[in-house]
Amino acid sequence: MQKNISNFTYFNPTKILFGKNQISALDQLIPSNKKVLITYGGGSVIKFGTLDKVKEALGKREYGEFGGIEANPTFETAMKAVELVKKEGYDFLLAVGGGSVIDATKFIVAAAEFEGDPINIFGSGIGTREPIKTALPFGTILTLPATGSEMNAGSVITFKEKKAKVSFGSPKVFPTFSILEPELTYTLPERQLANGVIDAFVHITEQYLTFPVDAMVQDRFSEGLLQTLIEIGPDVIDETNKDYNLRANFMWTATNALNGTLSPGVPQDWASHDLGHEITALYHIDHARTLSIVLPALLTIRKNEKHGKLVQYAERVWHITEGSDEEKVTAAIEKTKVFFERLGAPTSFKDIDLGEEVVEILVAQLEKHGKNSLSERKDQTIEISRKIYQAAL
């Protein structure tokens, strides 16, 4: 079993432009001879004027638009954009939106250059997982902090017909730049703000709540980010609170939660995401709200395997210093659950009007997608996953 920090190579080429009025820098960021395709989701970027600002900043460049990317971006929709890119000869993409738009754009830039069937970019029983050799360049303008996709090389795509959410990653799909303007979050409703806080929180725990390897730097980074979210989360979700520094800290925390800063050399456990993805794929529950349901249950069922880090989490993040180690762990899990509830998120299946019938349905989906050995130790069997779903009822 790993007891020391593993060897690692750290690489992140994404340039970040953070702060006020950064969209105006687009003219210096994108070569003037590029034909740009702007990708976005629903009408919010149009309604609140963000798209107009982007177009103005692009100057005299030739550009087009592709809207309608879903909250859980689908393969089917993204392939329409791939066809458009090839037909019209776009050679630079600009994602304007949250993680879903950025994830979709990562797939589009890879699929547009992919030799063979783009479905083979994916594994998990969907395709054959062939390497991405090249991709079109792209940048992002982040409107919803949550996923960290604006500064990493990962993506999650939904397959409607197969009822599956599948991830892929490649150094070829790092954004060349990302613009982070905290003021763009002022238009977000409470639910989306809460989702962003929860998504970032769970991203951190999946790189932190595993087992100790004495990674002091990574641990302190994670603990600081978790404490920041706990401190600001309840204020962030107040959509009437337009405090710039509050939103700036939220945005930068969400980016750092999954930009590769926390993960070098440490074990990771993405089982919460694996279990949550199945809930979203079948029942169309917001991604973050599946995580708020799954994580407390997972920590409860797996607390013996995660005991050392859970005690550390209790003491350092929640400042629980009294009682036995077992009592500290139990209290920390409960505080995590209460934190999610303060954000208005569900923490059980009953909170989203689902009952015990979902357990076997979700377990069958895990088996179908080959998720038979999850966790940082690869020892979370189907039976253990079943217990986690049951604990979340």
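Contact, in these notes, means heavy atoms within 4.5 Å.

**Ground rules**

I'm working on a predicted model, where local features need pLDDT of at least 70, side-chain atom pairs count only at pLDDT 80 or more, and totals for chains, interfaces and linings use all residues. Residues are numbered from 1 along each chain as its sequence is written, and side-chain values use heavy atoms, with hydrogens and water left out.

**Entry 1: Tyr-389 and the cores**

I looked up Tyr-389 and skipped its neighbours within four places in sequence. Tyr-389 touches Leu-275, Glu-278, Ile-279, Phe-349, Val-359, Leu-362, Val-363 and Leu-366.

Next I went for the nonpolar cores. A core here is a set of buried Ala, Val, Leu, Ile, Met, Phe, Trp, Tyr and Cys residues joined through side-chain atoms within 4.5 Å. Buried means under 20% relative accessible area, exposed means over 50%, and partly exposed is in between (1.4 Å probe, protein chains only). The largest core has 64 residues, and Tyr-389 is among those with the most contacts inside it, as are Phe-201, Tyr-313, Trp-318, Phe-339, Phe-340 and Phe-349. Which helix gives the most to this core? I found helix H6 (residues 190-208), with nine residues. Apart from this core lies another one of 41 residues, including Met-79, Tyr-90, Ile-119 and Phe-159.

On the labels: helices (H or I, at least four residues) and strands (E, at least two) are DSSP runs, numbered from the N terminus.

**Entry 2: H9 against H13**

I checked helix H9 (residues 271-283) and helix H13 (residues 357-368), whose axes come within 10 Å and cross at roughly 110°. Axes are lines fitted to C-alpha atoms, for helices over the stretch in contact, and angles run from 0 to 180 degrees between N-to-C directions. So H9 is roughly perpendicular to H13; angles of 65 to 115 degrees count that way, under 35 as roughly parallel, over 145 as roughly antiparallel and the rest as oblique.

On the H9 side I listed Asp-274, Leu-275, Glu-278, Ile-279, Leu-282 and Tyr-283, which meet Val-358, Ile-361, Leu-362, Gln-365 and Leu-366 in H13. These contact residues divide into eight nonpolar, one polar and two charged.

**Entry 3: H11 against H12**

The axes of helix H11 (residues 307-317) and helix H12 (residues 325-342) come within 8 Å and cross at roughly 65°. That makes H11 roughly perpendicular to H12. The residues of this contact divide into six nonpolar, two polar and four charged.

**Entry 4: two loop residues**

Ser-375 is in the loop between H13 and helix H14 (382-391), and Lys-378 lies in the loop between H13 and H14 too. Buried or exposed: what is Ser-375? Ser-375 counts as buried, because its relative accessibility is 6%. Lys-378 counts as exposed, at 58%. Phi is positive at Ser-375, near 90°, and positive at Lys-378, near 60°; neither residue is glycine.

**Entry 5: Trp-270**

Trp-270 lies in the loop between helix H8 (244-257) and H9 and is partly exposed, with a relative accessible area of 25%. Trp-270 and His-203 are 67 residues apart in sequence and 8.4 Å apart in space, C-alpha to C-alpha. Leaving aside neighbours within four places in sequence, Trp-270 contacts His-203, Glu-206, Gln-207 and Leu-258.

Methods
Ala, Val, Leu, Ile, Met, Phe, Trp, Tyr, Cys and Pro count as nonpolar, Asp, Glu, Lys and Arg as charged, and the others, Gly among them, as polar.
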